Amino acid sequence: MKKQKSIAVPTSEPLLAELRLLIDATRQRVASTANTKLTMLYWRVGARVRTEILENERAEYGEQIVSTVSRQLTNDYGSGFSDKNLFRMIRFAEFFPDEQICATLSHKLSWSHFIEILPVKEDLARQLYAEMCRLERWSVRTLRNRIRSMLFERTTISRKPGELIKQELQELHESDRLTTDLVFRDPYFLNFAK
């Protein structure tokens with residue numbers, strides 16, 4: 001048996017550092033793309049179930065049908081399509097009905113972000129949290145803290161009429177810049193959340 005020679009390869013720390021950056025950046029892009037596609041899949045499933053089964057209503061019989069669909073999808077694709085998640089998908093499509101806006105948001109927000117936003121009762125507050133999260137690149141933890149600390153209720157914008165709030169949210173979406181009403185909060189409420 002012939003003995004193999006080991007070849008000494010000089011290692012270069014700058015080269016390894018560059019390769020690590022390349023690998024990490026690609027992994028991040030792949031994860032981001034997968035998250036965007038998954039979030040949009042959930043939106044489309046919710047929209048389809050909402051229009052085809054529930055006919056845009058919250059019918060009692062529809063819940064039974066959704067549970068049946070959920071069982072079948074769970075058998076085929078796993079627990080990501082449980083009753084609870086399927087109803088979240090339906091609410092997701094209901095609360096964010098514009099697919100284009102949802103697609104834009106899904107590039108910056110994960111499904112976990114949307115899960116935190118869905119329980120917010122007021123539509124305009126949900127929209128504000130989604131836009132602020134997109135613009136400020138909040139983590140899920142930061143978003144959760146902002147919701148718990150009632151950020152929307154403490155901003156000056158929350159005291160304006162609904163149409164004016166919608167207009168400012170549209171401007172925020174288009175310009176990607178915060179207005180003074182979103183930056184300046186009621187001075188009597190202090191934000192102790194991290």
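In which helix is Ser 70 found? I found Ser 70 in helix H2, residues 60-77; helices here are DSSP runs (H or I, at least four residues), numbered from the N terminus. The model is predicted, so I note that local features need pLDDT of at least 70 and side-chain atom pairs count only at pLDDT 80 or more, while totals for chains, interfaces and linings use all residues. Residues are numbered from 1 along each chain as its sequence is written, and side-chain values use heavy atoms, with hydrogens and water left out.

I checked burial next. Ser 70 is buried, at a relative accessible area of 2% (buried means under 20%, with a 1.4 Å probe and protein chains only). Beyond four places in sequence, Ser 70 touches Phe 81, Ser 82, Asp 83 and Leu 86 (contact means heavy atoms within 4.5 Å).

Then I looked at H1 (residues 13-52) against H3 (residues 83-95). Their axes lie 7 Å apart at an angle of about 85° (axes are lines fitted to C-alpha atoms over the stretch in contact, and angles run from 0 to 180 degrees between N-to-C directions). H1 is therefore roughly perpendicular to H3 (65 to 115 degrees). Among the residues that meet are Trp 43 and Val 49 in H1, and Leu 86 and Met 89 in H3.

Last, the core. The largest nonpolar core has 38 residues, and Phe 92, Phe 96 and Tyr 129 have the most contacts inside it (a set of buried Ala, Val, Leu, Ile, Met, Phe, Trp, Tyr and Cys residues joined through side-chain atoms within 4.5 Å). H6 gives the most to this core, seven residues.

Technical notes. Helices (H or I, at least four residues) and strands (E, at least two) are DSSP runs, numbered from the N terminus. Buried means under 20% relative accessible area, exposed over 50%, partly exposed in between (1.4 Å probe, protein chains only). Angles under 35 degrees count as roughly parallel, over 145 as roughly antiparallel, 65 to 115 as roughly perpendicular and the rest as oblique.
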